[in-house]
Amino acid sequence: MGCSVSLVFCSEKPLQLLNYSTNFHIGFGQLEINRQILFSMSRTILFYCKQNIPLRGHRYDAKHLVEQCNNAGNFQCLSDLMALCGDKILSDHFKNGPKNATYRSKTVQNELIDICAGVVQLLLTDRIKKAKFFSILADEASDVSQTEYMAIIVRYIDECCKVKEDFLKFISCNTGLNGVSLSTKIKKSIHKLGMEKSYCRWQGYDGAGNMAGRLCGIAALILKEFFKAPCVHCFFNKLSLCVAKACAIPSIRNMMDHVRIISDFFNNSPKRLEDLSSKINEQFRHHLFKRQSMFFEPSGLNELMSSIDISHTEWYKEAVSIAATTSTMPSKPRTCGQQTQRDNHEVDNISEYYRVTCSIPFLDHILIQQDTLFSLENLVLLDSFSIIPLNLISD
């Protein structure tokens with residue numbers, strides 16, 4: 001259910017809107033009874049949406065409602081519980097109402113969900129229009145049936161000067177996953193929601209070709225109409241790609257495989273994971289955070305590369321001392337005449353082997369990918385943060 005996330009924020013408002021229709025002074029006739037029934041059904045659906053609970057089970061058709069041995073799903077069971085616990089109108093409707101108008105079918109559930117989603121969407125678009133300027137975020141995902149959808153999220157600053165990111169809708173990708181098709185759907189969605197394209201100031205996608213391609217990607221095609229909305233690739237995703245490229249080095253890739261095995265060893269046991277966490281907090285926490293923050297700064301990487309001999313010596317000594325705690329002695333693969341599956345450098349000692357095969361290639365890859373992915377255009381856009389009032393970024 002695409003609207004379940006958004007209903008959390010505005011679940012009370014749709015109830016109020018639906019409740020207004022029950023207060024007309026028209027007598028306690030069939031119309032009023034039907035409104036009360038729909039109000040109870042809507043309240044049940046909003047409860048499930050807010051709690052992120054699925055409405056249906058495997059047997060949710062009407063024919064299973066009369067069979068007590070079958071579990072007809074969460075929605076049907078909660079409706080029966082409400083009828084048993086004091087909702088007399090609902091109880092009488094289930095017992096004596098027409099069987100072709102029970103309002104319990106999956107079709108009615110979907111219609112009520114769509115109505116609630118429309119109300120939530122209207123409230124969110126009103127907030128965005130009051131904020132005036134907004135940014136577009138989008139990403140693709142597939143459901144369990146392998147059907148592709150694109151989530152549309154809008155980022156803006158609300159009346160309290162807080163940065164908000166609100167999910168608006170899912171777009172079906174049934175017409176294709178190319179940039180032309182997806183960009184057209186995004187532009188139509190923005191227009192249908194009543195938001196002005198002239199107020200769009202930014203686009204955010206992943207680095208896939210159909211999303212961020214310079215010629216036929218979504219970002220380039222939308223920029224032709226949304227003139228003030230450049231695309232900025234997520235910096236965290238770029239950093240992840242930098243490390244992923246560096247992991248293509250055989251020795252680094254093998255090391256990461258061992259790290260994954262060790263990670264699984266601890267993650268598969270709560271007791272082992274708790275022991276590991278306590279040891280990290282006791283011994284390594286401050287040291288690891290200090291090393292991590294220094295390593296991923298661009299200036300820090302260049303400094304490490306310029307003094308690689310000194311840096312590698314420190315790293316090697318630290319690795320040897322950690323290995324000694326488990327009685328592991330440093331070693332290197334033997335050198336042979338010809339080798340195609342691993343590094344085969346002729347070096348004098350073990351430390352020099354790992355300097356040539358690990359430290360230097362890894363830093364080289366990181367620096368190359370950093371220069372490729374972190375362009376000067378994005379850095380210029382980052383400089384604009386210096387003019388943002390402090391109360392917008394203090395949190």
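1. Partly exposed here means a relative accessible area between the buried limit, under 20%, and the exposed limit, over 50%. E225, at 33% relative accessibility, therefore counts as partly exposed. The model is a predicted one.

2. E225 forms a salt bridge with K187, with the closest N and O atoms 3.1 Å apart. K187 is in helix α7 (residues 179-192) and E225 in the loop between α9 (218-223) and α10 (235-246), so the bridge ties together parts 38 residues apart in sequence. K187 has a relative accessible area of 19% and is buried.

3. E225 is also bridged to K197, where the closest N and O atoms are 3.7 Å apart. K197 sits in the loop between α7 and β4 (200-204), so this pair joins parts 28 residues apart in sequence. K197 is partly exposed, at 41%.

4. D264 is partly exposed at 33%, and R260 is partly exposed at 46%.

5. The axes of helix α3 (residues 30-51) and helix α6 (residues 106-131) come within 10 Å and cross at roughly 75°, which makes α3 roughly perpendicular to α6. M41, S42, I45 and L46 of α3 meet Q109, L112, I113 and C116 of α6. This contact has 6 nonpolar, 2 polar and no charged residues.

6. The buried residues of α6 include Q109, L112, I113 and C116. Just after α6, K132 takes a positive phi of about 80°.

Technical notes: Residues numbered from 1 in each chain as written. Predicted model: local features only at pLDDT ≥ 70, side-chain atom pairs only at ≥ 80, totals over all residues. Heavy atoms only, no water. Axes fitted to C-alpha atoms, helices over the stretch in contact; angles between N-to-C directions. Helix = DSSP H or I, 4+ residues; strand = E, 2+ residues; numbered from the N terminus. Parallel < 35°, antiparallel > 145°, perpendicular 65-115°, else oblique. Contact = heavy atoms within 4.5 Å. Nonpolar A, V, L, I, M, F, W, Y, C, P; charged D, E, K, R; others polar. Buried < 20%, exposed > 50% of the residue type's maximum accessible area, 1.4 Å probe, protein only. Salt bridge = Lys/Arg side-chain N within 4 Å of Asp/Glu carboxyl O.
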